[in-house]
Amino acid sequence: MAAYQRILVCLDLDPHCGQTLSRAAMLAQACGARLEAIHVVEHHAPMDLDYGLGGLPGIELDLPALLKAARERLDGLMREAGLEETPREVLAGMAHLEIPRLAQERDVDLIVMGAHARRGLERL
């Protein structure tokens with residue numbers, strides 16, 4: 001097994017993400033690696049709903065409230081997993097941009113992520 005030094009676990013905060021966190025923690029412990037956790041709040045209106053107009057009237061997203069709720073959920077997950085001292089961060093942005101940016105910035109050796117909560121017909 002490769003000797004990972006820094007592992008970044010990306011959590012979508014769905015009901016099953018504790019499994020992803022647990023496996024990342026086990027891997028970090030086995031490798032003697034530093035574990036960090038992140039969640040990215042994607043706060044934009046879905047493109048298919050705004051028809052490219054940049055927003056919908058009456059749909060206002062309260063970013064500070066979204067970030068606060070995500071931090072509380074992430075803190076709870078870390079506490080449940082016994083990882084209270086593990087560094088964690090909640091970011092606002094687009095996950096597909098923020099995750100690789102942060103991984104490069106922090107010289108991460110391995111990114112661990114679970115399957116996104118929306119699958120198959122649930123996405124329609």
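Helices and strands are DSSP runs, numbered from the N terminus. Under that numbering, alanine 115 lies in the segment after strand 4. The model described here is predicted.

The overall layout comes next. The chain holds four helices and four strands. Read from the N terminus, the elements run β-α-β-α-α-β-α-β. The chain has 124 residues, and buried residues make up 34% of them. Of the contacts between residues at least 6 apart in sequence, 75% join residues at least 24 apart. The chain exposes about 8200 Å². Carbon and sulfur atoms supply 55% of that area.

Helix 1 covers residues 17-31. The helix has 15 residues. From first C-alpha to last, helix 1 reaches 21 Å, close to the 21 Å expected at 1.5 Å a residue. Its buried residues are Cys17, Thr20, Leu21, Ala24, Ala25, Ala28 and Cys31. These residues cover an arc of only 135 degrees around the axis, so they sit on the same side of helix 1. An α-helix has 3.6 residues a turn, so residues three or four places apart point the same way. The face turned away from the buried side carries exposed residues: Gln19, Arg23, Met26, Gln29 and Ala30.

The buried residues of helix 1 have several packing partners. They pack against strand 1 (6-10) and strand 2 (34-41). They also pack against helix 3 (63-80) and strand 4 (110-113). Glycine 32 follows helix 1. The phi of glycine 32 is positive, near 70 degrees.

Threonine 20 is one of the buried residues of helix 1. Its relative accessibility is 15%, and it therefore counts as buried, since the cut-off for buried is under 20%. Beyond residues up to four places away in sequence, threonine 20 touches Val9, Leu11, Val112, Met113 and Gly114.

Two cysteines also belong to the buried set of helix 1, Cys17 and Cys31. Cysteine 17 has a relative accessible area of 3% and is buried. Cysteine 31 is buried as well, with a relative accessible area of 18%. The count of disulfides comes to zero.

Charged pairs were examined next. Side chains of opposite charge can pair when their charged atoms come close. The structure holds eight salt bridges. One of them joins glutamate 36 and arginine 34. The closest N and O atoms of this pair are 3.5 Å apart. Glutamate 36 counts as buried because its relative accessibility is 5%. Arginine 34 counts as partly exposed, at 43% relative accessibility.

A salt bridge also forms between the side chains of arginine 88 and aspartate 75, at 2.9 Å from N to O. This pair links distant parts of the chain. Arginine 88 lies in strand 3 (residues 88-92), whereas aspartate 75 lies in helix 3, and the two are 13 residues apart. Both partners are partly exposed: arginine 88 has a relative accessibility of 27%, and aspartate 75 has one of 30%.

Another salt bridge brings together the side chains of arginine 101 and glutamate 98, at 2.7 Å from N to O. The two residues are three apart in helix 4 (residues 95-105), which means that about one helical turn separates them. Arginine 101 is partly exposed, with a relative accessible area of 35%. Glutamate 98 is buried, with a relative accessible area of 16%. Elsewhere, salt bridges that share partners join Arg6, Arg34, Glu36, Glu89 and Arg106 into one network.

Leaving aside residues up to four places away in sequence, alanine 115 touches Asp12 and Asp14. Alanine 115 and aspartate 14 are 101 residues apart along the chain. Their C-alpha atoms are separated by 9.8 Å.

How values were computed. Residues numbered from 1 in each chain as written. Predicted model: local features only at pLDDT ≥ 70, side-chain atom pairs only at ≥ 80, totals over all residues. Heavy atoms only, no water. Buried < 20%, exposed > 50% of the residue type's maximum accessible area, 1.4 Å probe, protein only. Contact = heavy atoms within 4.5 Å. Areas by Shrake-Rupley, 256 points an atom, 1.4 Å probe, with all protein chains shown as cover. Expected span 1.5 Å × (residues − 1). Arc of directions from axis to C-beta. Salt bridge = Lys/Arg side-chain N within 4 Å of Asp/Glu carboxyl O. Disulfide = S-S within 2.5 Å.
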